[in-house]
Amino acid sequence: MSGFAGFAVRRAAGALITLLAISVIVYVVFYVTPGNVAQITCGPRCSPEQVHQVTQQLRLDDPLYLRYWHFLVGIVAGQDYSTGTSVAHCSAPCLGLSYQSDQQVTQIILNKLPVSLSLVIGAMVLWLLLGVGTGILSAWRRGRFTERALTGLTLAGISTPVFVIGLVLMIVVCGQLELLPFPEYVPFSDDPEQWAWNLLLPWLTLAIAEAAYFARLTRASMLETLAEDHIRTFRAYGVGERSIVGRHALRGALAPIIALNANDFGSAVGGAVLIETLFGLPGIGQELVHAVTVVDLPVVVGMVLVIGFFVVLANALADVLYAVADRRVVLT
């Protein structure tokens with residue numbers, strides 16, 4: 001197979017292999033950790049008989065490879081779990097049951113995922129507009145006061161911790177100026193306007209922190225592209241500077257921007273823990289920290305796999321966008 005169809009098949013196969021490797025590493029790392037998982041799950045006051053019962057329910061006596069095989073089977077076909085007095089069926093894709101709440105891990109993730117996606121997608125739009133726009137302007141006005149001022153702002157954004165940005169915005173915007181309400185997540189399906197209004201401050205916080213990196217990368221890529229021979233040829237033929245910057249130089253500088261955005265989007269789905277904690281957003285990052293704290297291994301493994309899925313998906317889409325942005329790129 002050749003062309004886009006062949007690329008899509010090869011990329012999908014590579015993504016599946018990558019996710020399988022991630023699942024093996026994560027499963028082994030977390031399930032080989034020291035400590036009695038059955039004792040932790042049951043609680044400090046459980047008797048040895050109760051701990052033994054929990055061990056049997058969780059199949060902790062089975063070899064690690066057998067438990068991992070059951071885990072893979074559950075993802076593809078689902079499986080049944082003993083809850084002590086009854087048997088619960090977990091439909092595919094089944095990532096197991098939470099040790100703490102007996103809820104299906106898939107359902108926990110589906111409940112938290114809209115919050116994280118709402119945060120990351122909105123912030124991504126802002127960090128691209130702010131970061132790429134600032135980088136283009138800085139490269140265009142190279143050597144002038146505008147570039148020096150924007151470079152200073154960029155360095156300040158990179159060196160300031162994200163929680164400091166969030167606290168300052170919350171104190172000033174919500175507290176002193178009262179321009180925005182203190183964020184409280186509202187589902188998009190309930191009220192789209194309140195959904196956006198309540199997420200605007202978290203979006204700005206995450207976008208300001210990320211936009212600084214995009215501004216520096218865009219500036220460096222634009223300056224490199226503007227120094228190439230074909231740009232000098234355009235200038236020699238009398239093409240306007242705005243057209244050169246907007247139509248030709250930017251297109252050649254998009255590849256590293258697309259790559260950085262793919263990595264940032266995928267990792268931010270589960271990595272915006274500080275933002276979610278600061279603004280009280282019940283997303284995947286906050287739930288993952290809680291699961292690690294209480295040693296809820298199925299939730300930890302399931303969420304890490306979901307985060308890995310978004311990282312792989314974002315990078316696969318980035319490969320396609322390379323070819324759209326730069327016709328010299330050939331999908332292989």
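Buried residues have under 20% relative accessible area, exposed ones over 50%, and partly exposed ones fall in between (1.4 Å probe, protein chains only). With that in hand, welcome to the close-ups. This is a predicted model, in which local features need pLDDT of at least 70 and side-chain atom pairs count only at pLDDT 80 or more, while totals for chains, interfaces and linings use all residues. Residues are numbered from 1 along each chain as its sequence is written, and side-chain values use heavy atoms, with hydrogens and water left out.

**View 1. The disulfide between C90 and C94.** Let us start with the two cysteines, both of them buried. Their sulfur atoms sit 2.1 Å apart, and a disulfide here is a pair of cysteine sulfur atoms within 2.5 Å. The torsion about the S-S bond of C90 and C94 is about 110°, so the disulfide is right-handed. A search of the whole structure finds 1 disulfide.

**View 2. A92 and its surroundings.** A92 belongs to the loop between β2 (87-90) and α5; helices (H or I, at least four residues) and strands (E, at least two) are DSSP runs, numbered from the N terminus. At 38% relative accessibility, A92 is partly exposed. Leaving aside residues up to four places away in sequence, A92 touches G74, I75, V76, A77 and G78, where contact means heavy atoms within 4.5 Å. A92 and A77 are 15 residues apart along the chain, and their C-alpha atoms are separated by 5.1 Å.

**View 3. R59 in its loop.** Here you can find R59 between α3 (48-57) and α4 (64-77). R59 is partly exposed, with a relative accessible area of 29%. Its contacts, not counting residues up to four places away in sequence, are R67, H70, Q79 and D80. Look also for A38, which is 21 residues from R59 in sequence and 9.9 Å from it in space, C-alpha to C-alpha.

**View 4. Aromatic pairs, with W127 and F214 in focus.** Rings of Phe, Tyr and Trp (its six-membered ring) pair if their centres lie within 6.5 Å; planes under 30 degrees apart count as stacked, over 60 as edge-to-face and the rest as tilted. By this rule the count comes to 7 aromatic pairs. One of them joins W127 and F214, stacked at 6.0 Å centre to centre with 25° between the planes. W127 lies in helix α5 (residues 105-140) and F214 in helix α8 (residues 192-226), so this pair ties together parts that are 87 residues apart in sequence. Both W127 and F214 are buried. Elsewhere, ring pairs link Y27, Y68 and F71 into a cluster.

**View 5. A nonpolar patch on the surface.** F163, V164, L167, V168, I171, V172, L177, L179 and L274 make up this patch, with about 760 Å² of accessible area together. Patches are made of residues with over 30% relative accessible area and no salt bridge, like charges being joined within 9 Å and nonpolar side chains (Val, Leu, Ile, Met, Phe, Trp, Tyr) within 5 Å. A salt bridge is a side-chain nitrogen of Lys or Arg within 4 Å of a carboxyl oxygen of Asp or Glu. Areas come from the Shrake-Rupley method with a 1.4 Å probe; for residues, only the protein chains shown count as cover. Helix α7 (residues 162-176) supplies the largest share of the patch, 6 residues, and I171 lies in this helix α7.
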